[in-house]
Amino acid sequence: METKNRTNLRILLEILGFSLVFFLFNFFVFPHNPGFLKGPFNPYTALALIIAAYYGKFFGFISYLLAIVLIMIPVSRNSAPVEYWAYLWRSQSVRMTIVLVGVYILGMIRDSYTARINHYQSITRKEVMEKSKYKKEVVALSAVNNELEERVLRQTESVTSLYTQIKALHTQNLTETLNVLLKTVNKFSWAEKASIWRYDQSTLQLVMIANIGWQSHDYDNSILDIDESIEGWCFRNNMIFSVRMLLEYDNLSKMDKKRNIFTFPINFSSSSWGILNIEEMPFTKYNLYVEKILSILVDLAAPEIERAVEYESVIKFDEINPHTNLPAYSQFYTMLEKSVDKATAGNNHFSIVIIELLNFSELVSDFGEESTFKLIMELLDKLNTLSTNKIDLFHYKESCQLALYYPDIDYDGASMFCLQTLGIINNTSWKIYDRTLVLDAILGYSSFGNQPIPVEELLSVAENLLEMQKV
């Protein structure tokens, strides 16, 4: 509108300028021909017709009306105004009428042409805008289509990968377990920034304990009030948060700090523990499919996190073996006591396996304690793979003895596991410093099942099996 007003003002100034030039030319050069009425050519008339043809009938009429006003001013010094005006009325009325008709016709032609041009420009502009809109939609749909194609292509792989990642969550280190979970979250959602928060019973706050993608300034907000944050809302209500909920719930929008895309509560079998928060992720990955995958992932990861938390609550890290990083027998015993209580309450079962290396002293004498324990860790890695990362590993009473805790497996399952373990020990080519050697090992095992038994008796059964093999 402002541009149009400037254009109109410019046209009016042009009309006024040309008209004044003609008037001054008339006044000084042809004073005896006022208004150029006596000659065959009248500049005022020509200007009005040109203006009408170039700018339209509105400006053509303005130009001619201004010309009439200027013509009505007598430029001859010998002419009386009244006589001059009477002369104009007698001689120029028909001519003026013809000029006005000419201005109207030329202006109508120009206005009609301009209207068609504007109409075509409007259509073109609309088509360009629609084309741009469609182009953006095509880009968005292409991104969505690529996401759907990737999803279909990787569905089978995703199931296998998810299974593998869940198994990798079972470690004896809570930090490692949470880092594996965050890597898995990144793998399935492409989350560029995510964090895990634990509820602190002493301060009644959520504390960040693991993250990916955090910058140094993010650590300023590593403790959150459960009443004043979306993370706390999810924890208190045991509900999943999605950023679309901000449009529906005012209480959530008031707590929004622009750091929550998805937020999932992490629950143990008997209590709420913390939350997983997705803070940044690609827009194309924000969909219901990813939300369901992450929800399944959190549900599957919760038991593994619970086990890691329980393990850390039992373990005293000053009693960790420096060569193997495995806990001592005393901590194995404490864990068994808790496992017995838990299994009794939940009618669950578990098994233990004791491995004794009969030639341990010879290996230490020949290769040293560090190399010998390194070889033992190779064996335990194979057993961890055999159990699909389900076992917890400990040292037992003697340096040559190791203890395995195997949850959710009964006596028959433990027996099969021991047979497979012996197969691995006997069929693997063991080497230290490129020297081939033999591991002389015996195994004892026992299970906690439907009949509750004390820890001493559970260990005694496994130890008796070991002694029977030494006879």
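## A guided tour of the model

Start by selecting Val 101, Tyr 104, Ile 105, Leu 106, Met 108 and Ile 109: together they form a nonpolar surface patch with about 520 Å² of accessible area. Patches take residues with over 30% relative accessible area and no salt bridge, joining nonpolar side chains (Val, Leu, Ile, Met, Phe, Trp, Tyr) within 5 Å and like charges within 9 Å. Areas come from the Shrake-Rupley method with a 1.4 Å probe, and for residues only the protein chains shown count as cover.

Before moving on, note that this is a predicted model, where local features need pLDDT of at least 70, side-chain atom pairs count only at pLDDT 80 or more, and totals for chains, interfaces and linings use all residues. Residues are numbered from 1 along each chain as its sequence is written, and side-chain values use heavy atoms, leaving out hydrogens and water.

Stay with Met 108, which belongs to helix α4 (residues 81–168); helices (H or I, at least four residues) and strands (E, at least two) are DSSP runs numbered from the N terminus. At 36% relative accessibility, Met 108 is partly exposed, a class between buried (under 20% relative accessible area) and exposed (over 50%), with a 1.4 Å probe and protein chains only.

Next, select helix α6 (residues 230–237). Here 6 of the 8 residues are buried, so the helix is largely enclosed by the rest of the structure. The buried ones are Ile 230, Glu 231, Gly 232, Trp 233, Cys 234 and Phe 235. Just after α6, look for Asn 238, with a positive phi of about 55 degrees.

Now show Glu 231 with Arg 259. They form a salt bridge, with their closest N and O atoms 2.9 Å apart; the term means a side-chain nitrogen of Lys or Arg within 4 Å of a carboxyl oxygen of Asp or Glu. Arg 259 sits in the loop between α7 (250–255) and β5 (262–267), 28 residues from Glu 231. Both partners are buried.

For another salt bridge, pick Glu 356 and Lys 470, whose closest N and O atoms are 2.9 Å apart. Glu 356 is in strand β7 (residues 350–357) and Lys 470 in helix α13 (residues 455–470), so the pair ties together parts 114 residues apart in sequence.

Finish at Trp 190. Lys 285 lies over its face, 3.9 Å from the ring centre; this requires NZ of Lys or CZ of Arg within 6 Å of the ring centre and within 35 degrees of the ring normal.
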